[in-house]
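Please look through the sequence and the model below. The report that follows takes a few parts of the chain in turn.

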Amino acid sequence: MTGRRKPQEAEERRCKAAAILVAGGSGTRMGGPKQFLPLAGKTVVEWSLKAFLDTPEVASIVLVLGPEDLLEHGPRLASERVRVVESGQTRMGSVRNGFAALPDQAEVVAVHDGARPLVTPEIIYKTLFEACHNGAAVAAVPVKDTLKEADPKDCWVEKTPPRERFWQAQTPQCYRRSILAEALSRFAAEKDATDESQLVERAGHRVKVVLAGYENLKITTPEDLIMAEALLEAREKMKHETRVGFGYDIHRLVEGRELWLAGTKLKHPKGLLGHSDGDAVLHAACDAVLGALGEGEIGIAFPPEDPSFKGIESRRIVASVLKKLVARGAEVVNLDVTIVSQEPKLRPHYGELKKSLAETFGLEASRVNVKAKSNEGLDAIGRGEALACHAVATLSLKV
Ligand code: MG
């Protein structure tokens, strides 16, 4: 652990760090064990476990579960990297059981509370790194509120300690193996310590605080679960990137064809000539979406020379593009189209075109815009021989 992170060193470091994930509590303040409460599609403890599994430096994890949870969930959560053991009578007893199950190679040990599901690989790494260099380190955050010291009997304030010196200790708490071993054996009778750090401090070792994050909260009361859910959802959203795509299409306007635009039929003596129904708006919009996905253009999936697609409704082309979107975990944020048409005049149809385009793409109307320009009587469009459409799509894409 000498800096983050040269790939060739990762393997070597992985052998040196291990974690004890303590999840054997009874959860008296939640009316039952909190580790297996559902949280954003997993359970609380599985989010904690995931953060450690996502930290490549942690080669092995000992998950400490209560006897019933061990039977019910142990087999499912155990893996090559995760060993599951039974909890003790107290938190300290559970840490001792976890410590006894550590692999011999582990030189630095992270102890983490299973009920802190929002811990990140960055926090884990930072704290392990400090422990590796300084012996003992604790994830923590500076106290935000003003502190009051009050008489526990009558609640009269006795002191306002200077806030600047106070930190709230979280987990992970990380130690060189020898230091944690010494603290656990010297204070073997200790049952009530709320963290390991106080035993390490009492054994005479210096412990460093590592700035973690306020989001690394502990699920203790029901409102913590609501906050954790909101924070995890916000994190998921941040894993999206915005993409922009552009599309263009032009078709000849001819007698004897229906005029299809944006998925709806307009009354007009001419229609758009094409292999399909000629809907230049849907074609341009589809190309904009495919452009944002980096997936070419509609002619690749629906070649105009293929007779099986003759007369195809352009809504079918949209449906196939939407399938690609779903497969990529993407969604359209907005669609903006500009139709270039000398005739028909489209302003009276804006409402209808917008509604149809939104419905065809399965979007709220507020995410769609349709506008039109004449071509000032210039060129083929200006002479009423063709109609063109430009489209821009923005997508939100999972990365
Ligand atoms: Mg076309």
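## The end of helix α11

Helix α11 is followed by G329, a residue whose phi is positive, near 65°. This value, like the others here, comes from a predicted model.

## Helix α11: length and faces

Helix α11 covers residues 314-327, which is 14 residues.

The buried residues of α11 are S314, I317, V318, V321 and L325. Seen down the helix axis, these buried residues fall within an arc of 100°, and therefore they line one face of α11. Exposed residues are found on the other side of the helix: R316, K323, V326 and A327.

## Two domains

The chain is divided into domain 1, residues 7-237, and domain 2, residues 240-398. Between the C-alpha centres of domain 1 and domain 2 the distance is 54 Å.

## Helix α4 and its cover

Helix α4 is made of residues 91-100, and its buried residues are M92, G93, S94, V95, G98 and F99. What covers these buried residues includes four strands, β1 (17-23), β4 (58-65), β5 (82-86) and β6 (108-113). The helices α6 (177-186) and α7 (197-202) are also part of the cover of α4.

Strand β4 is mostly covered, with seven of its eight residues buried.

Strand β4 pairs with β1 in the parallel sense, over seven bridges. In this pairing, A19 stands opposite I61 of β4. Strand β4 also runs parallel to β5, and five bridges join the two. Here L65 stands opposite E86, which belongs to β5.

The path from β4 to β5 can be followed through a helix. Strand β4, helix α3 (residues 67-77) and strand β5 together make a right-handed β-α-β unit. When tracing any of these strands in the model, bear in mind one general point: side chains in a regular strand alternate between the two faces of the sheet.

How values were computed: Residues numbered from 1 in each chain as written. Predicted model: local features only at pLDDT ≥ 70, side-chain atom pairs only at ≥ 80, totals over all residues. Heavy atoms only, no water. Expected span 1.5 Å × (residues − 1). Buried < 20%, exposed > 50% of the residue type's maximum accessible area, 1.4 Å probe, protein only. Arc of directions from axis to C-beta. Domains from an automatic or database assignment. Contact = heavy atoms within 4.5 Å. Pairing = 2+ DSSP bridges. Right-handed = clockwise from strand over helix to strand, strands pointing away.
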